[in-house]
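Here is a friendly walk through the model shown below, starting with its rings and moving on to its helices and its sheet.

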Amino acid sequence: MAHALISTPFTASSTADEVLQGVGLVGLRAIVTGASSGLGIETARALAGAGAEVTLAVRNTTAGDTVADAIEKSTEGIRPPVVRLDLADRNSVTRFVDAWRGPLHLLINNAGVVTGGLERTREGWELQFATNHLGHFALACGLHDALALGAADREGARIVSVSSTAHMRSGIDFDDLHFERRGYDPQIAYAQSKTANSLFAVEATRLWASDGIVANAVNPGGIATGLQRNFTTAQKESLAAAEAAGVFTYKTVEQGAATSIVAAVAPEFAHSGGHYLDDAQEAYTVPDDADLAQHPHGVKEWALDPAIAKRLWTASADLLRA
């Protein structure tokens, strides 16, 4: 029997600051990946404005320093630390994890990359899957003990995994995760990585809820950010067609960050994980053959399937051990 969907008082037009109104986060330690641009900047700024101690985990530390300066000025608070993190580089993730000290209460896996063509990491992994999923997977696993410490002193820790409506275009191709045999389509590769982001939340919650850690996936909605800078003409045309079909309506970054903040602080998700949020609410599930244009606010079964989530976790761990 399907569970009743979790709802909150917020909507598609709510902003991050509105979600945080009256919420005090002093003492909460948070990490936001990709906090040097777009959605990550606003997510970090909003959390810091509510009193959280936010670490900006960024690949470009020069850009991160600019953001940290702006947050310090806007909040009249402490300047957020900026730490380099390249999610496509296993050594960089390891260094970040090894340098972390003390508890962690909130991990927002926000960073993402879109490529216009096939790019690979040193290991030969397809770059979008490696960055968007595997890097965040390694980061979360490496920070598990810190999150467990955070959960113990704050009655729970949370992980927010930023997914996308794009997940509806593709499930996980376990026979060819890295496009070694099939023709490369950057949109399908991105879609696979976003499905993986949702599945991570499912299995992380199953494994770690007993430690007080829950994870939820979020779709921030359509937002014009630097993520689109590498789009090919075909990708831009596809995005325009999706907008025209009503698949999404553009949001501001303040509105887009709201769903991440709901997953991060709303009491409705304090001890409940493995969900996919859209427009600040838990999304309804649709069959894998459902049409995206008809269900722009749904989540496909393949993105929440516990068996697929468990298989992906095992495959991801095996890749990182190799």
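Predicted model: local features only at pLDDT ≥ 70, side-chain atom pairs only at ≥ 80, totals over all residues.

## Aromatic pairs

The count of aromatic pairs comes to 5, where rings of Phe, Tyr and Trp (its six-membered ring) pair if their centres lie within 6.5 Å.

Residues are numbered from 1 along each chain as its sequence is written, and side-chain values use heavy atoms, with hydrogens and water left out.

## H5 against H10

Helices (H or I, at least four residues) and strands (E, at least two) are DSSP runs, numbered from the N terminus. The axes of helix H5 (residues 127-142) and helix H10 (residues 306-321) come within 11 Å and cross at roughly 85°. Axes here are lines fitted to C-alpha atoms, for helices over the stretch in contact, and angles run from 0 to 180 degrees between N-to-C directions. That makes H5 roughly perpendicular to H10; the label covers 65 to 115 degrees, with under 35 roughly parallel, over 145 roughly antiparallel and the rest oblique.

Ala, Val, Leu, Ile, Met, Phe, Trp, Tyr, Cys and Pro count as nonpolar, Asp, Glu, Lys and Arg as charged, and the others, Gly among them, as polar.

## H7 and its two partners

H5 also packs with helix H7 (residues 186-208), at an angle of about 15° and with the axes 7 Å apart. The two helices are therefore roughly parallel to each other. Among the residues in this contact are Phe129, His133 and Phe137 of H5 and Tyr190, Lys194 and Phe200 of H7. The contact divides into 10 nonpolar, 6 polar and 1 charged.

How do H7 and H10 cross? Their axes come within 8 Å and cross at roughly 90°, which makes H7 roughly perpendicular to H10. Phe200, Glu203 and Trp208 are among the H7 residues involved, and Lys310, Leu312 and Trp313 among those of H10. Here the division is 12 nonpolar, no polar and 3 charged.

## The sheet

Now for the strands. An open sheet of 8 strands has mixed pairing and the order E3-E2-E1-E4-E5-E6-E7-E8; two strands pair if DSSP finds at least two bridges between them. Strand E3 (82-84) and strand E8 (281-282) are the edge strands, each pairing on one side only. Strand E1 (residues 29-33) pairs with strand E4 (residues 106-109) in the parallel sense over 3 bridges, and leucine 106 in E4 is the bridge partner of alanine 30.

Helix H2 (residues 38-49) lies across E1, strand E2 (53-58), E4 and strand E5 (157-162), running at about 170° to E1. Helix H3 (residues 61-75) packs on the sheet too, touching E2 and E3, and its direction makes about 155° with that of E2.

Notes
Contact = heavy atoms within 4.5 Å. Phe/Tyr/Trp six-rings, centres within 6.5 Å; stacked < 30°, edge-to-face > 60°.
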